[in-house]
Amino acid sequence: MLNSFPFYLILIFAIVFIMMIADKIKVAYPILLIVAGLLISFIPGIPNIKINPEFIFLIFLPPLLYEAAWAISWKELWHWRRIILSFAFVVVFLTAFTVALVADYFIPGFGLALGFLLGGIVSPPDAVSAGAILKFVKVPRTISSILEGESLLNDSSSLIIFRFSLVAVSTTQFIFSKAVFSFSWMVLGGIAIGLLIGLIFMKLHKYLPTDANMDIVFTLVMPYIIYLTAEEAHCSGVLSVVSAGLYLSNNRHSFLSSASRVRGYNVWQSLIFVLNGLVFTLIGLSLPAVTAGLEKEGVSFNSAIGYGMLVTLVLVVVRMLAAYGGVITTLMIRKFIPVADSAKPEIKGPFIIGWTGMRGVVSLAAALSIPEYLNNGNPFPQRNLILFITFVVILLTLILQGLTLPYFIRRLEMMTPEQEAEEQQQYKLIKYEMAAFALEQLKDQYGKALEEQPLLQKIADKWEASKMLTEDTEMTADGKIIYLNILRKQRKWLLQKNRKDGNLDEGIVRRHLHQLDMEEEKVRHL
């Protein structure tokens, strides 16, 4: 391990460099990272990378899911609950079932049990890939909310299918009543454990004398504790982490201080940046080990490529049909019950949802976790072929759908200028109403203090000005540039003063520099 340490350091630098290139050329970084990992794996002398599936499930998955749960809006998740649950559970099961039928018919040596195993592995789309692509193009909030909500739950449903299929293949028996009980316990027990531990941690945050550093440490260890506890109880660790993350995210302002929220956000963004970069690069680096395994099973490389392309086609077609099937279902059920989307149905949204089906880390981790031997000591059937098909699916969906998705979004004009203007107007309206509310509270409840304290009067004047602002008086792009230049000049003046004045306390200077940094970030987000 120590001998490979310099390699991993260089790899992290390479990941950052590739991500910079991805931002420069406006391509989702998972695509470049997996291709780069693939190319790096062919360089002579590169250490042989063998990914431990437990390493991915334990180290990568809990924080990635936890951060995603914190980022999503519970209100939006509940608003679109029917379609999100449909895609996260019903569509995942239909996808696994269809893959099982196709694999059983077209791939020699596959039965329905192995087909379901493969289907459970490749059925969940990857949230990270979709998010990285949508960063460069704008889509209506409806679509992004559905994709974010689906990505939180589909991993758990696919892994449940995978586990039951794995048991069926390993033991050659499937007891329906036992499977129903196990499924119910995995789902309900997983949610209950996540909510219980989330509640305990919230109370610890709220009642213990913690500061921002302690709060951040709590949030870093919590997803791992939740995941491990649920898995030890034979529940879904994924659902536990997601349910706890949603619960705590929805209550974050009741137990975390503003310092903990701001600093914690920065820490988590950096952590997720590194984890995402590493995991997609490792997928590319794992190809030689996956390809070498095909020879053991006597499967030709060309045949394995063909099977992978066939399964990829099935995944794309099933998801596309499911997206438009959802529109038809909505038209039928809204005659009987209220549904979230009562607008006139259209074809652009379902197409984008259907085309957003890139696979990623969960699929690879599940495939790698297939044991090499059955309980009776025999080699696990078709393990290496399943691994190779999974890799082909990940690579093809990332490249094919990942590269073309931004083009389709722009071509279909998913976000019109009118919609963008409406969002901006809503942001301004809330800003003005908030200023008016604050000014009213200040005058009604603190009138005497307002007269006695000049600083409070200045704040009131600022809110009054904000309340009276119109669209024409908003800071323009040129105004932002001017203000940012002034802030940079202030910073330069402050640093020069600190160097020249030997008696000046540098701690005070750093406080002012921090204020300038905060102001600069504030201006950038206006």
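Is Leu374 buried or exposed in this model? Leu374 is buried, because its relative accessible area is 16% and the cut-off for buried is under 20%. Keep in mind that this is a predicted model.

View 1. Leaving aside residues up to four places away in sequence, Leu374 touches Val169, Ser170, Pro379, Phe380 and Pro381. Look for Val167 here too: Val167 and Leu374 are 207 residues apart in sequence, yet 10.0 Å apart in space, C-alpha to C-alpha.

**View 2. Helix α6 packing with α18.** Here α6 (residues 112–122) meets α18 at an angle of about 35°, with the two axes 10 Å apart. The crossing is right-handed. On the α6 side, Leu114, Leu117, Leu118, Ile121 and Val122 make the contact, while α18 brings in Ile386, Ile389, Thr390 and Val393. Sorted by class, that gives eight nonpolar residues, one polar and no charged ones.

**View 3. Helix α14 crossing α18.** The axes of α14 (residues 287–296) and α18 come within 8 Å and cross at roughly 140°, so the pair counts as oblique. This crossing is left-handed. From α14 you'll find Leu287, Val290, Thr291, Gly293, Leu294 and Lys296, and they meet Asn384, Leu385, Leu387, Phe388 and Phe391 of α18. The contact of α14 with α18 splits into seven nonpolar, three polar and one charged residue.

Conventions. Residues are numbered from 1 along each chain as its sequence is written. This is a predicted model: local features need pLDDT of at least 70, side-chain atom pairs count only at pLDDT 80 or more; totals for chains, interfaces and linings use all residues. Side-chain values use heavy atoms; hydrogens and water are left out. Buried means under 20% relative accessible area, exposed over 50%, partly exposed in between (1.4 Å probe, protein chains only). Contact means heavy atoms within 4.5 Å. Axes are lines fitted to C-alpha atoms, for helices over the stretch in contact, and angles run from 0 to 180 degrees between N-to-C directions. Helices (H or I, at least four residues) and strands (E, at least two) are DSSP runs, numbered from the N terminus. A crossing is left-handed if the near helix is turned anticlockwise from the far one by less than a right angle, and right-handed if clockwise. Ala, Val, Leu, Ile, Met, Phe, Trp, Tyr, Cys and Pro count as nonpolar, Asp, Glu, Lys and Arg as charged, and the others, Gly among them, as polar. Angles under 35 degrees count as roughly parallel, over 145 as roughly antiparallel, 65 to 115 as roughly perpendicular and the rest as oblique.
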